[in-house]
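User: I am new to protein structures and would like to learn how to read one. Please take me through some features step by step.

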Amino acid sequence: MTRQLRPTAAQRPPRTPQASRATRLLLAVILALGGLLVTLTAHPAGAAPSNPASPAADRGSWAVRDLGAGRWAVSWQAPERLPVSSDRPTIVGPAGLAVGTPTVAADRRTVRAVVTSPSAPAPGDLDVLLSGRTLDSTASNARRQAPAAAADPTPAVRELATDPGVPGPYAVVTSDYTRTPVKVAGMAEPIEMVGHVVEPVAAAATGPRPLVLFLHGRHEYCYQVSKGVTSFDWPCRGTMAEIPSHLGYDYAQRLLASQGFTTVSVRVNGINAQDDALDDGGAGARATIVTKHLNYWTAIAGQHQVDLDRVVLVGHSRGGEGVDRASIRIPATAAYRIVGQVLIDPTDFATQTAPYLPTVTLLPYCDGDVSDLQGQRFTDASRDLTSNDQSLKSSVLVMGANHNYFNTEWTPGLAAAPANDDWYGEADGACGTATSARLTPAEQQAVGKAYIAGAVQQFTAAPEADQPFLPLFDGSAVRVGSTGDAVVLSHALGGGRELRRPADGTALTLPDGAQSEFCTGSTSDDFRPGLCGSELAGVVTPHWPWREELVPTRSFWQLSWDAAGQSAGLQLARPLDLRSRSLDLRTIVDPQAGDVALQVRLTDGAGASATLTPVGGATVRALLTAEDLTKLWAQDVRVDPSSAVGSLDLAHIVRVDIVGQSTAGRVWVADAAAVPERAPAAVAFRAPALSLGTARVQEGKRSGTTVAQVPFQLSKPLTVPGQFRVLTSGEDEGSLRTFTVDLAAGQSSGTIPVGYQADTVDDRSEATTYVAAWATSNITTDAYIGRLVVLDDDPTPKATVTRVHRTVKEGSSAQWKITFAKAVDYGVDVSSRVVAGPGRDLTGADVSATWLSQHASKRGSTGTLAKLGVQIYAYVPAGSRSTTLSIPIRKDGKKEKGEAVTLRVHALTTTKTTTVKIAASR
């Protein structure tokens, strides 16, 4: 996944005062753009260090280069290739830096970003983080939690009579199809069109069969069967085979097929191999492939008895964000209708959600990849986006589950290719495999099957049909037999709920001994007045973005007490109708205060009140409490008011109080809702989707700030006013600017003003300022990243490339001098690659192993330097004219014929290929 997402506590540098202060501003900009590059000055591909730090080899090497105008290129090269995971790398460092999400170079080892700062960042102050690990540290990254300080949450109190994890009556059959690969923007190689179909046998009397499409996430893509090793080459070459990630959900497909559904799981290895540099992590590309497969199914639906009016999308990891993006794009008028989606531990780099579409999001508590559980955003972001969206948005927290085991092809012992447990803590830690709270692969997949099947049946049932599986998703304290002893919690929004929000149509009542306030749903590990998550360390806050993200936030009600019987409440501007409805409070328990016991007091418009105990008892447990593991996740506190019939006017509840029963406690309440017994049928409507575009402008000859317009389009005209928030950066030395754009009814396009600094000196050929958008009212976002590309119109100096010596001897260096026609106005990266040339090419054995390890993109020493992917770099600082590239040739004492090395050099607009000969040794 790398990191367009807010940092978990585990991803932050160690808790020292210096590190805590150091990460503030840098993280602000990284995360505010959802991980986008903030202000990127274009530079040649393959740029590398000119002034590398020299830490121990096993922690990689840092480099910082001056780009001029307060901009610095930072890069870190790992000792080995980075893993292919769903998370994305981030760079963190001292305060005062504005930084964009790093990109990963083609060598899969080098992480780069451009930052703005008055002075050069010191390599020793920078760190690279990935999935909670600090990659450039020699210290152990294993999570070292003490055993859990609290038990798992109270087990479900009621077992459902019907179990969606039980196979149905139909025999199943499998098949596979391959279609012409699809060219996708931003990717050199076309993307495969491969589908694995599992469905009832043709003779099964199922009636029309809903279609369920699965999309896997980001994983390694090539492996060698005989040796059990993986490869980063794409397409897979030689004896390498593709990792069949799309077959990893066959266990769930078979269950669904036995119950009467046609299923297909599609493969996107081509995206996983090429999405490193894409701003959105490949979500748009994955949505494109989903759409292509669904279009194909319009041609073959009849052969498979498929009902295209009932299509459910299931996406895992980055596949979850991909299917959500497809759901946003696909109009209600398409030849097929998406009726729901299941997102399994998804990324949500864009803070997006699909309005009007029922969505269930599974969140594994022991995730070691998408460790911040950012998929919670798909539920939370839906709450205030529209006023009439009644679609169910459910979050399901699976205690003891990790990221990978939902896919059998990512599970050790089941996968054809190498696989691992993504949770990397100690075996006896809170999420360790030696603890009873941790699920085995079979147990986790049993949960996956039951909840996927339950959601699919909920989404595809007729509007008038029973809803036996709704309690699995609506916050009810229930379980099913097929999931064994697994502890699974849920809460929900939508689904016919009538909501009351803290600080929005509610007011605080005078507390009775308790402490009560509204707070902003944001987090910081130092004190920030008004933040719900101020001074919280070592916890993960799925509902609260990091303070500096600048994404839209919500208000919460914070309540604490230090003696039993203390209380405080919310006064409701609009009464709640609780006739034939329950009251649900999405409630976060502060683990530092421990488990709480509470009751809820309801007051009607006439002043009558009743104090009720929540369903399942007064105790609400803190989730597992262990350093860097505890999640501040909202559990459902449900109150059944039926016992108050006759003593309260349940149609007009005007006040809700929480009464502490434990001796102390602290909770945060996200919202209060009147919940009906049934979820309403989903409507065939899609919100207008906003897509930002690119503006390309000439810099101009006049110095100073100039404003350009970045365009945007809506997928259809608005029928009511809408709104979105914009963040831009780099308009003035990396500064941030946020503002709101209001949209009028009937509007379908517009522009966003973005400033840039013009000058009369030769800059880079182009400089890009990125723009991020978040929907806030009556729209959603599709392409949420826009760009202003400023083309420099001042003359760029030409470069000449000359060999220092035409022929050299072993023990000396082949050298090339690069000279510009005049001193450059900014720091210039000069990149080069060894290519096959005339004569006998140098091999890896002709240079030192240390030098080769620093410059080759492939492992090993056999083969020519060209085949080993050797690249060398140099840097010309502002005000200078020249630099030298050098390849030191080892003197091996052997009698050899003459050799040669050919270098292709890129310096600004100049590209030249030239050869240096190596004299024969006698």
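Analyst: What follows goes from the whole chain to the backbone, a sheet, the rings and the charges. Keep in mind that this is a predicted model.

User: Where do I start? How many helices and strands does the chain have?

Analyst: Start with the secondary structure, which comes to nine helices and 55 strands. The chain has 922 residues, and buried residues make up 60% of them. Its accessible surface comes to about 32800 Å², with 51% of that belonging to carbon and sulfur atoms.

User: What should I look for in the backbone?

Analyst: Most residues other than glycine have a negative phi, and most peptide bonds are trans. The peptide bond from W234 to P235 is cis, with omega near -5°. P235 is placed in the loop between strand 15 (229-231) and strand 16 (240-242).

User: Is L373 buried or exposed? And why does L550 count as partly exposed?

Analyst: Under 20% relative accessible area is buried, over 50% is exposed, and partly exposed is in between. L373 has 0% relative accessibility, so it counts as buried. L550 has 30%, so it counts as partly exposed.

User: How do I read a sheet?

Analyst: Strands of a sheet pair through backbone hydrogen bonds, either parallel or antiparallel. Here, an open sheet of three strands has the order 48-50-53, and its pairing is antiparallel. Strand 48 (799-803) and strand 53 (882-888) are the edge strands, each pairing on one side only. Neighbouring strands in this sheet are turned by 20° against each other on average, direction ignored.

User: How many bridges join strand 50 to strand 53?

Analyst: Seven bridges join strand 50 (residues 813-820) to strand 53, and the two run antiparallel. To see the pairing at the level of residues, find Q815, which stands opposite S886 in strand 53.

User: How do I describe two aromatic rings that pair?

Analyst: Give the distance between centres and the angle between planes; planes over 60 degrees apart count as edge-to-face. The structure holds 10 aromatic pairs. One of them is W544 with F556, an edge-to-face pair at 5.7 Å centre to centre, with 90° between the planes. W544 lies in the loop between strand 28 and strand 29, and F556 in strand 29, so the pair ties together parts 12 residues apart in sequence. Both W544 and F556 are buried.

User: Why is the pair of F712 and F724 edge-to-face?

Analyst: The planes of F712 and F724 are at 80°, with the ring centres 5.4 Å apart, so the pair is edge-to-face. F712 lies in strand 41 (residues 704-714) and F724 in strand 42 (residues 722-729), so this pair ties together parts that are 12 residues apart in sequence. Rings can also form a cluster: ring pairs link Y177, Y296 and W297.

User: Which charged residue lies over the face of Y365?

Analyst: That is K631, at 4.6 Å from the ring centre of Y365. In another case, the charged end of K716 sits over the ring of F685, 4.2 Å from its centre.

User: What should I note about a salt bridge?

Analyst: Note the partners, the distance from N to O, and the places they join. The structure holds 34 salt bridges. R286 forms one with D275, with the closest N and O atoms 2.9 Å apart. R286 lies in helix 5 (residues 283-300) and D275 in the loop between helix 4 (269-272) and helix 5, so the pair ties together parts 11 residues apart in sequence.

User: How many residues apart in sequence are the parts that D782 and R325 tie together?

Analyst: D782 lies in the loop between strand 46 (780-781) and strand 47 (785-791) and R325 in helix 6 (residues 318-329), so their pair ties together parts that are 457 residues apart in sequence. Their side chains meet in a salt bridge at 3.5 Å, N to O. Both D782 and R325 are buried.

User: What about salt bridges that share partners?

Analyst: D384 forms a salt bridge with R501, the closest N and O atoms being 2.5 Å apart. Salt bridges that share partners join D380, R383, D384, R501, R586 and D671 into one network.

Key. Residues are numbered from 1 along each chain as its sequence is written. This is a predicted model: local features need pLDDT of at least 70, side-chain atom pairs count only at pLDDT 80 or more; totals for chains, interfaces and linings use all residues. Side-chain values use heavy atoms; hydrogens and water are left out. Helices (H or I, at least four residues) and strands (E, at least two) are DSSP runs, numbered from the N terminus. Buried means under 20% relative accessible area, exposed over 50%, partly exposed in between (1.4 Å probe, protein chains only). Accessible areas come from the Shrake-Rupley method with a 1.4 Å probe; for residues, only the protein chains shown count as cover. Two strands pair if DSSP finds at least two bridges between them. Axes are lines fitted to C-alpha atoms, for helices over the stretch in contact, and angles run from 0 to 180 degrees between N-to-C directions. Rings of Phe, Tyr and Trp (its six-membered ring) pair if their centres lie within 6.5 Å; planes under 30 degrees apart count as stacked, over 60 as edge-to-face and the rest as tilted. A charge sits over a ring if NZ of Lys or CZ of Arg is within 6 Å of the ring centre and within 35 degrees of the ring normal. A salt bridge is a side-chain nitrogen of Lys or Arg within 4 Å of a carboxyl oxygen of Asp or Glu.
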